[in-house]
Amino acid sequence: MAGRSVVVGVGHYLPERIVPNSEFEKTLDTTDEWIRTRSGIERRHFAADDETTSDLATKAAEAALADAGLTADDIDAIVLATSTADLTFPSAATMVQARLGMTKGFAFDVQAVCAGFVFALSNANALILSGQAKRVLVIGAETFSRIMDWTDRSTCVLFGDGAGALVLEAQDGEGTAADRGILATDLNSDGRYKDLLYVDGGVSTQSTGHLRMQGNQVFRHAVEKLTKTAETALSRAGLRCADVDWIVPHQANIRIIQGTAKKMGLPMENVVVTVQDHGNTSAASIPLALSVGKQRGQIKPGDLIVTEAIGGGLAWGAVVLRW
Ligand SMILES: CC(C)(COP(=O)(O)OP(=O)(O)OC[C@H]1O[C@@H](n2cnc3c(N)ncnc32)[C@H](O)[C@@H]1OP(=O)(O)O)[C@@H](O)C(=O)NCCC(=O)NCCS
């Protein structure tokens, strides 16, 4: 017997406002054609002015709880991945906790930018395996529209807002790769690459700041690091790329997604792709893709999934799970 963290519910929320690429043609020297061919993005959702990250997160969490047939009373912990919390403190996670009417347990944020959901999942898994929680809500939620420089065409066309959530539950498994639940994780960071992708402001530097990125440099790291972390996590589970039913990648750029699948030796038929509709929603992109992938009928119980993500830090990692 072995403890496993099994996904028993999934849900997501996207803000109402949908912005097509053509809208940027009005204010920037860019085209729908450039954005589509270089990134794969066709549209993204932006939060309303009075809509915050914890609003999006709460709606995604409610959808995941409903999918699991559970209520907030059944949850022991909330782990929320975000780089765009409503306030400097308290955590967005505690705000979601209050909104859900959850008066026990504990809640905290995890900040690993676009790799945030992979870090949150790994932390939630550790809480379950160490017996500190039986059921954990794991949320990725972002309002990256708040940190865009709307005059920088190389970044502002790439990002969007949204939220996704999973409910993880402690269950017994056999200790083999045939078990449902999280089978292995791999986390990495290397702070020497800070200047490739960062926000040029923050509390301690006394401003909010804007996202700055050397896109082609990030690109150069992405395919290699994502393939390696996915393969490392798979080998920790005693599995190979050929065993994977679905790659559910961080949705930043279709060319990174295609390059990673190719390096892993898997066709695009085995990849859940949502980047065309959501853009890069940072820590929200993987749970959004898991939820949409289930809705589309792509992801089914028993499927072997590898999620992988890279972002500012640089920070990157992968989680292997059986749905
Ligand atoms: C950002 C990205 C789409 C740019 O694509 P690219 O093929 O690398 O393009 P480059 O950055 O080399 O820029 C090529 C040219 O397009 C221009 N360009 C940039 N943004 C543009 C836009 N929105 N519209 C039109 N032209 C644009 C650049 O100014 C550059 O022009 P120049 O050659 O005259 O200097 C790509 O690098 C990328 O996706 N990188 C990874 C980003 C990422 O995933 N980040 C998040 C990780 S979490």
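Predicted model: local features only at pLDDT ≥ 70, side-chain atom pairs only at ≥ 80, totals over all residues.

Colleague: Which residues have the most contacts inside the largest nonpolar core?

Modeller: A core is a set of buried nonpolar residues joined through side-chain atoms within 4.5 Å. Here the largest one has 48 residues, and L234, I247, M264, V306 and V320 have the most contacts inside it.

Colleague: Which elements give two or more residues to this core?

Modeller: They are the helices α6 (215-236) and α7 (254-263), together with the strands β8 (181-189), β12 (304-311) and β13 (315-322). The most comes from α6, which gives seven residues.

Colleague: Why does this core lie between domain 1 and domain 2?

Modeller: Because residues from both domain 1 (2-173) and domain 2 (181-322) go into this core.

Colleague: What does L234 touch?

Modeller: Leaving out residues up to four places away in sequence, L234 touches L239, R240, C241, V244, M264, L304 and V320. Apart from this core lies another, with 36 residues, including V10, L121, I182 and W246.

Colleague: Now the ligand. Which of the 23 residues around the ligand come nearest?

Modeller: T30, R38, R153, G215 and N253 do. For polar contacts, look for pairs of N or O atoms within 3.5 Å. A polar backbone atom of R153 is 2.9 Å from a nitrogen atom of the ligand. For G215, a backbone N or O atom is 2.9 Å from a ligand nitrogen atom. With N253, a polar side-chain atom lies 2.6 Å from an oxygen atom of the ligand.

Colleague: How much of the ligand's accessible area does the protein cover?

Modeller: On its own the ligand has 950 Å² of accessible area, and the protein covers 73% of that.

Notes
Residues numbered from 1 in each chain as written. Heavy atoms only, no water. Buried < 20%, exposed > 50% of the residue type's maximum accessible area, 1.4 Å probe, protein only. Helix = DSSP H or I, 4+ residues; strand = E, 2+ residues; numbered from the N terminus. Domains from an automatic or database assignment. Contact = heavy atoms within 4.5 Å. Near = heavy atom within 4 Å. Polar contact = N/O pair within 3.5 Å; in protein donor to acceptor, adjacent residues only side chain to side chain. Areas by Shrake-Rupley, 256 points an atom, 1.4 Å probe, with all protein chains shown as cover.
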